[in-house]
Amino acid sequence: MTIASNFQEHLKEGLTIMPVLLFIPFHVVIPFMLLCIAFIKHRIKKTKAMQPS
(Lines give C-alpha, C1' and ligand atoms only; values in the text may rest on other atoms or scores of the structure.)
Protein backbone atom coordinates (compact mmCIF):
# COMPACT_ATOMS: atom_id res chain seq x y z
CA MET A 1 0.00 0.00 0.00
CA THR A 2 2.98 2.32 0.16
CA ILE A 3 3.14 2.67 -3.65
CA ALA A 4 -0.56 3.26 -4.30
CA SER A 5 -2.24 6.46 -3.20
CA ASN A 6 -5.47 4.72 -2.16
CA PHE A 7 -6.90 1.23 -1.66
CA GLN A 8 -8.62 1.04 -5.05
CA GLU A 9 -5.36 1.85 -6.81
CA HIS A 10 -3.63 -0.75 -4.66
CA LEU A 11 -6.13 -3.41 -5.77
CA LYS A 12 -5.84 -2.38 -9.42
CA GLU A 13 -2.04 -2.62 -9.32
CA GLY A 14 -2.21 -5.93 -7.51
CA LEU A 15 -4.58 -7.44 -10.07
CA THR A 16 -2.89 -6.11 -13.21
CA ILE A 17 0.83 -5.85 -12.50
CA MET A 18 1.52 -8.61 -9.99
CA PRO A 19 0.20 -11.51 -12.09
CA VAL A 20 2.64 -10.53 -14.83
CA LEU A 21 5.57 -10.09 -12.46
CA LEU A 22 4.89 -13.15 -10.30
CA PHE A 23 2.79 -15.64 -12.26
CA ILE A 24 5.04 -15.95 -15.29
CA PRO A 25 8.35 -16.44 -13.44
CA PHE A 26 7.03 -18.70 -10.68
CA HIS A 27 4.68 -20.84 -12.77
CA VAL A 28 6.41 -20.98 -16.14
CA VAL A 29 10.07 -19.93 -16.13
CA ILE A 30 11.32 -21.57 -12.93
CA PRO A 31 9.65 -24.98 -13.56
CA PHE A 32 10.95 -24.96 -17.14
CA MET A 33 14.48 -24.21 -15.92
CA LEU A 34 14.25 -27.01 -13.33
CA LEU A 35 13.01 -29.41 -16.01
CA CYS A 36 15.94 -28.50 -18.27
CA ILE A 37 18.42 -28.96 -15.42
CA ALA A 38 16.94 -32.36 -14.53
CA PHE A 39 17.08 -33.44 -18.17
CA ILE A 40 20.73 -32.37 -18.52
CA LYS A 41 21.71 -34.09 -15.26
CA HIS A 42 19.98 -37.27 -16.40
CA ARG A 43 21.79 -37.20 -19.75
CA ILE A 44 25.17 -36.65 -18.07
CA LYS A 45 24.56 -39.50 -15.64
CA LYS A 46 23.46 -41.77 -18.52
CA THR A 47 26.56 -41.00 -20.61
CA LYS A 48 28.90 -41.56 -17.64
CA ALA A 49 27.28 -44.93 -16.94
CA MET A 50 27.77 -46.00 -20.58
CA GLN A 51 31.50 -45.13 -20.70
CA PRO A 52 33.84 -48.06 -20.09
CA SER A 53 36.04 -47.63 -17.05
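**Reading the helices**

Author: Begin with Met-18, which is found in helix H2; helices (H or I, at least four residues) and strands (E, at least two) are DSSP runs, numbered from the N terminus. This is a predicted model, in which local features need pLDDT of at least 70, side-chain atom pairs count only at pLDDT 80 or more, and totals for chains, interfaces and linings use all residues. Residues are numbered from 1 along each chain as its sequence is written, and side-chain values use heavy atoms, with hydrogens and water left out.

Reader: What is Met-18 in contact with, leaving aside neighbours within four places in sequence?

Author: Contact means heavy atoms within 4.5 Å. On that basis Met-18 touches Glu-13 and Phe-23.

Reader: How does one describe two packed helices?

Author: By the angle between their axes and the distance between the axes. Axes are lines fitted to C-alpha atoms, for helices over the stretch in contact, and angles run from 0 to 180 degrees between N-to-C directions. Here the axes of H1 (residues 7–16) and H2 cross at roughly 30° and come within 4 Å. H1 is therefore roughly parallel to H2 (angles under 35 degrees count as roughly parallel, over 145 as roughly antiparallel, 65 to 115 as roughly perpendicular and the rest as oblique). Glu-13, Gly-14, Leu-15 and Thr-16 of H1 meet Met-18, Pro-19 and Val-20 of H2.

Reader: Where does H2 bend?

Author: The bend at a residue is the angle between axes fitted to the seven residues ending there and the seven starting there. H2 bends by about 40° at Pro-25.
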